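User: I have a structure open here and want to go through its contacts. Can we take it piece by piece?

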Amino acid sequence: MTLTNSAPVTRQTEDAAPRARRGWNRVRGDFARAAVVVLVWQAAMTAVGAVVEPSLLLTTGIARMSGVDPTVLVHTYRWDGLWFHRIMSGEYATDAAVPAFYPLFPLSVRLVQLASFGTLPFLAAGLLLNTAATWLGVVALIKITRYFAVGPRMPWLAVALFLTSPAALFLHAFYSEATFIALGFWAYLFALRRQWIWMALCLIPLTSSRITAVLFVGLCFLEFCRSVNWKPRGLLSWKLLLFPASALGFAAFAIHLEIVSGRALGMTSAYEANPAWGYHVFNPNILNTVGRETWLVLRALTGNVPMSYGTVVDHLLPLVGLLLLLVASVYVLVALRWDGVPLAAFGLMSFVMFTLNSNLVSVHRYTLPCVVLYLALVIAVERRPALRPVVFGVMYCNIVVQTVLATMFFTGNWAG
């Protein structure tokens, strides 16, 4: 299938009124069905967490030390979640390490609490926010998929791949993944629709969510270039200013840090303030990083070093995620040619950015927003239906890994 440079391809030939009614029904159906899917998924994750967390008796100490009374949602409050909670407590001003975590998610949780007139505890507000954001992200993914696949079931295959991916558990946790994905996916969808103002309104808060927002800015910019047929003359438009304007979210974060701590760029030095993060060292030689990680994994697979849980989580899974990201990026470029350049470049830019810190820790989580992973499989299945069993096999493996990671995370163990 070849993409157009403007609005979605309209395949019906009937008169406009019935077509408009069908379009409205489809939009309404997307939102309604996605809501059911996400609510069921979040309810299942909540039930599993509520049962697993107390039954293994491994996290009581964590819950008490963090000052949070044990509740049905305490399993969502792990690792990065504690840092986001510290932001809500105003610790940007007191701890130089806290700015490593961007403010959009904790600020949004606080707004949900205010909207509830203070009746919602912060974990309940976080889950409510993450459920809504996951729902919006799924709706956007459905609509994005329709630009690349014509089969009526293909969008739901993309959703299945997304929600069964190993790192999808972080959509349930007190983490920023869900809000980041909702804004990123909708920004890209608006770029595909050529609705540039709406795209910018998504990108601006996105840059106050995490540094990897720059990847979605790049994806949308390349989609803008595709919309003008890659002609330099087409870039002479006021719309081009919307892309640097996306940095307003980051600028607002910097201004806030300057006001409360006197360190406007404190987010750039935050990792140096915490000795536990000393393994994060900028290294542009990504081949060295990937090669070292590959050698370590190969030694573990051949039995030369133990295949420990830490090796799996911090090395094997991230390396597999990067390999799949690389394969997906190359595939969409070959399958879609020029129309696939934005997605392929997005995947390759992600590959580079995720490997710049001399390690691959948490990279399998960072790949969760990489929409090219899901679209590549959907396009491949639609073009070659014989691959459908392979995709189902991938989803089965994903579910197994997600279950293990979720169990470990809910019981207070590192999962990326």
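User: Which residues are linked in a network of salt bridges?
Analyst: Asp30, Arg33, Lys143 and Arg146 are linked that way. A salt bridge here is a side-chain nitrogen of Lys or Arg within 4 Å of a carboxyl oxygen of Asp or Glu. Before going on: this is a predicted model, where local features need pLDDT of at least 70 and side-chain atom pairs count only at pLDDT 80 or more, while totals for chains, interfaces and linings use all residues. Residues are numbered from 1 along each chain as its sequence is written, and side-chain values use heavy atoms, with hydrogens and water left out.

User: How many salt bridges does the structure hold?
Analyst: The structure holds 12. One of them joins Lys143 to Asp30, with the closest N and O atoms 3.0 Å apart. Lys143 lies in helix H5 (residues 122–145) and Asp30 in helix H1 (residues 16–55), so the pair ties together parts that are 113 residues apart in sequence. Helices are DSSP runs (H or I, at least four residues), numbered from the N terminus.

User: Is Lys143 buried or exposed?
Analyst: Lys143 is buried, at 7% relative accessible area, and Asp30 is buried at 0%. Buried means under 20% relative accessible area, exposed over 50%, and partly exposed in between (1.4 Å probe, protein chains only).

User: What does Arg365 form a salt bridge with?
Analyst: Its partner is Glu177, and the closest N and O atoms are 3.1 Å apart. Arg365 lies in helix H16 and Glu177 in helix H7, so this pair ties together parts 188 residues apart in sequence. Arg365 is buried at 4%, and Glu177 is buried at 0%. Arg365 also lies over the face of Phe170, at 5.3 Å from the ring centre. For that, NZ of Lys or CZ of Arg must be within 6 Å of the ring centre and within 35 degrees of the ring normal.

User: And H7, how many of its residues are buried?
Analyst: 16 of the 16 residues of H7 are buried, so the helix is largely enclosed by the rest of the structure. H7 covers residues 177–192 and reaches 22 Å from its first C-alpha to its last, close to the 22 Å expected at 1.5 Å a residue. The expected span is 1.5 Å times one less than the number of residues. Arg194, which follows H7, has a positive phi, near 65°.

User: Switching to rings. How many aromatic pairs are there?
Analyst: The count comes to 32. Rings of Phe, Tyr and Trp (its six-membered ring) pair if their centres lie within 6.5 Å; planes under 30 degrees apart count as stacked, over 60 as edge-to-face and the rest as tilted. Phe354 and Tyr366 make a tilted pair, 5.8 Å centre to centre with 45° between the planes.

User: Where does Phe354 lie?
Analyst: Phe354 lies in the loop between helix H15 (341–353) and helix H16 (363–366), and Tyr366 is in helix H16, so the pair ties together parts 12 residues apart in sequence. Phe354 is buried at 6%, whereas Tyr366 is partly exposed at 25%.

User: Which residues form the aromatic cluster?
Analyst: One cluster is formed by Tyr77, Trp83, Phe84, Phe101, Phe105, Phe122, Phe174, Tyr271 and Trp277. The charged end of Arg86 sits over the ring of Trp83, 4.7 Å from its centre.

Notes. Helix = DSSP H or I, 4+ residues; strand = E, 2+ residues; numbered from the N terminus.
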